[in-house]
Amino acid sequence: MAEQQQFYLLLGNLMSPDNNVRKQAEETYDNIPGQNKITFLLQAVRDASAAEEVCTRIVTISVVLNFPGIFGNQQQHYMEVIKRMLVQCMQDQANPQIRTLAARAAASFVLSNESNTALLKHFSDLLPGILQAVNESCYQGDDSVLKSLVEIADTAPKYLRPNLEETLQLCLRLCADTNLTNMQRQLALEVIVTLSETAAAMLRKHTAIVAQSVPQMLAMMVDLEDDDEWAMADELEDEDFDSNAVAGESALDRIACGLGGKIILPMIKQHIMQMLQNPDWKYRHAGLMALSAIGEGCHQQMEAILQEIVSFVLLFCSDPHPRVRYAACNAIGQMATDFAPTFQKKFHDKVISALLQTMEDQSNPRVQAHAAAALINFTEDCPKSLLILYLDNLVQHLHVIMVAKLQEVTLALTVSRVRVAAAESMPLLLECARVRGPEYLTQMWHFMCDALIKAIGTEPDSDVLSEIMHSFAKCIELMGDGCLNSEHFEELGGILKGKLEEHFKNQELRQAKRQDEDYDEQVEETLQDEDENDVYILTKVSDILHSVFSSYKEKVLPWFEQLLQLIVQLICPNRPWADRQWGLCIFDDVVEHCSPSSFKYAEYFLRPMIQSLCDTSPEVRQAAAYGVGVMAQFGGESYRPFCTEALPLLVRVIQAADSRSKENVNATENCVSAVGKLMRFRPECVNVNEVLPHWLSWLPLKEDKEEAVHTFDFLCDLIESNNPIVLGPENANLPKIFFIIADGVSNESIKSEDACSKRLANVIRQVQTSAGLWTQCISTLNETQQKAIQDLLSTA
């Protein structure tokens, strides 16, 4: 008791107007051991006689702020005491510092009880005091309470619901006040943007405030400085990432994704059009960057006016200011990704011409590089039939630029640069290698590999990440066995494991959001978009593993085992269909490239693969059917029982009434190909004489070109061996075979460069030697099919 009384005296001295007394008291207070200090403070809370103003203040600064969970299971007992202390301190008109600290303590207490709905409701009347402290402290140069408000918006957004209008109005006012620091204005905007992500349904009820925040984001994006060195700079300076321009652009991107295009596009369209007509380059630059930023969130609404947007943006590729030209390239590259392949089909002539012209800007390398990046984005999803029209011109430009830039890129490409440059340089280097030969890359490969692996692990945004992962998978394929050393494998394994673990965690978070009381249709759209992004990264993980397996074969299996349980988790029956599809694709690669060693993992994937042949998802069926095909072709003797078991399931899928519908046809064709591979490579598992007539009736394959080649190769084997079932008595089946070949050629299932095309042409030439048989076969074909036969004879 004596010590406690001395502690009360010490608390009083901490508030003394005498500097010497107060300073000595502070030193004494600081030297009290932590546990003892907490014990004394808690006793002060319990002791009503000691709950004077000074004690209340000290306890609220010291306990609730720094130890919000200190009351443990006694918290409920002290609830009213805590609340009373906080209210008292936030109403202390004589001491602004006390009000600020009390507001921070209140926010800290709310955040530590984020999942306690009843408590948050009980403490909701503290929010006006917190908001008042936010406003006051900002103008005193202290943004700590504002940061606490951002945390609440992120972690406990529903706490703001009773005073959401006041919260938004305050943040909007602070964001617009240019007397505050950039960081304070950005933090105020961050509250609104964060709520668009964590409580979109709640925020959509306050669209008037959102509409007022959009011009603030655009105004931030205009906050740029003239920089004479910009055009030659290799990367953004560090401070650029904290600039108003970057913050405004990021906020616009996030709020468009959070609230959707139905709300955001009508709010912003007119602002952007006015900015693009402004004589000041900063406004034109900001308008174009804004178009890039909203593309993902406003995809559906922008697609309807794409013609108007593209025509306008292309004008700025020849803008007099290089940073506006850069922004135009940025917008084109983003639209090429966001609106593919419609964008490529509608605007290929104008876009390619504008970008090639911009790439000639030798005096502004940064603009030049961005034009190249946009062009690569464009070509990624451009149909080959269109791209081939420009191929010679494209390769000529790329080659000239790479010869001039190769040394510069090699020297400049550091890990920090990869996030800005990997998507630009790697495809260009690969194109150069195609023209000049793979040896062109050997000398720089390990340097590039180090940089790319580190870039994958730096958590860039999903678009950049997918580009880097795609490029990495293509270098591996180009360089083959030996391209990765042990350090590369170790780092890559950890990164891929992290990506898969993050994938599962994100799925759990989305499921939790679907149970939230504010869940609505718009929230579901957002969750679907997030899911698509996650699945897209999963496809890139699969691409990298495919490249590794195809290059290293069974040698890589010990390394793969660190990922094995995560891949097994993907193919569990309760996982979403996309998880099961890509999980099976990875095991398909294991079987195809690592057999017969692959069989040691059979316990993990064979039963799910067989069961997936009848899955309700056609994508899953397709992956499983492909797996059975490679099992027959490469798996070896151990897989024989499973090949036998799979056959009737494959036939069941093929013979289903809707097997050739648009959504099912690819899965069905993979089943047809798998049956062919079973007969070709595992005839002991199949009654070939019984199945072969049915298999012929399922040909040709028209959609899956790769599998079509396999079926035609097998058909050639059968014809060349004079198989009686295929040819029929006295070659009666030849008209049917002619039809299959002609239909395959006319649908481009067979191409002149395919090895089987020459074999098929030889079959046709043999029939030509018999005039009657030739007339009989050719008469069954329509005009298009007859032309296809003639084309095959002339090219093969």
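Q: What share of the contacts in the protein with a separation of 6 or more is accounted for by residues 24 or more positions apart?
A: A contact here means heavy atoms within 4.5 Å, and residues 24 or more positions apart account for 73% of the contacts in the protein with a separation of 6 or more. The model is predicted, so local features need pLDDT of at least 70 and side-chain atom pairs count only at pLDDT 80 or more, while totals for chains, interfaces and linings use all residues. Residues are numbered from 1 along each chain as its sequence is written, and side-chain values use heavy atoms, with hydrogens and water left out.

Q: How many helices and how many strands does the secondary structure of the protein come to?
A: Helices (H or I, at least four residues) and strands (E, at least two) are DSSP runs, numbered from the N terminus. By that reading, the secondary structure of the protein comes to 43 helices and zero strands.

Q: Is Q184 buried or exposed, and which residues does Q184 touch?
A: Q184 is found in helix α11, residues 182-198, and counts as buried because its relative accessibility is 3%. Leaving aside residues up to four places away in sequence, Q184 touches C138, G141, D142, D143 and L146. M359, in helix α20 (residues 342-359), also counts as buried, because its relative accessibility is 2%.

Q: At what angle do helix α15 and helix α16 pack?
A: Two packed helices are described by the angle between their axes and the distance between the axes. Axes are lines fitted to C-alpha atoms, for helices over the stretch in contact, and angles run from 0 to 180 degrees between N-to-C directions. Helix α15 (residues 261-276) and helix α16 (residues 281-294) pack at an angle of about 150 degrees, with their axes 8 Å apart. Angles under 35 degrees count as roughly parallel, over 145 as roughly antiparallel, 65 to 115 as roughly perpendicular and the rest as oblique; α15 and α16 are therefore roughly antiparallel to each other.

Q: Which residues of α15 and α16 meet?
A: On the α15 side they are L265, I268, I272, M275 and L276, which meet Y283, R284, A286, G287, L288, A290, L291 and I294 in α16. The residues of this contact divide into 11 nonpolar, one polar and one charged, where Ala, Val, Leu, Ile, Met, Phe, Trp, Tyr, Cys and Pro count as nonpolar, Asp, Glu, Lys and Arg as charged, and the others, Gly among them, as polar.

Q: How do the axes of α28 and α29 cross?
A: The axes of helix α28 (residues 486-514) and helix α29 (residues 521-552) come within 10 Å and cross at roughly 155 degrees, which makes α28 roughly antiparallel to α29. The residues of their contact divide into 11 nonpolar, three polar and eight charged.

Q: What is the angle between α38 and α41?
A: These helices pack at an angle of about 40 degrees, with their axes 10 Å apart, and α38 is therefore oblique to α41. Their contact is made by V709, F712, D713, C716, D717, I719 and E720 of α38 together with C756, R759, L760 and V763 of α41, and its residues divide into seven nonpolar, no polar and four charged.

Q: Where are the cis peptide bonds to P341 and P700 found?
A: A cis peptide bond joins A340 and P341, with omega about -5 degrees, and P341 is found in the loop between α19 (322-338) and α20. The peptide bond from L699 to P700 is cis as well, with omega near 0 degrees, and P700 is found in the loop between α37 (688-697) and α38 (705-720).

Key:
Buried means under 20% relative accessible area, exposed over 50%, partly exposed in between (1.4 Å probe, protein chains only).
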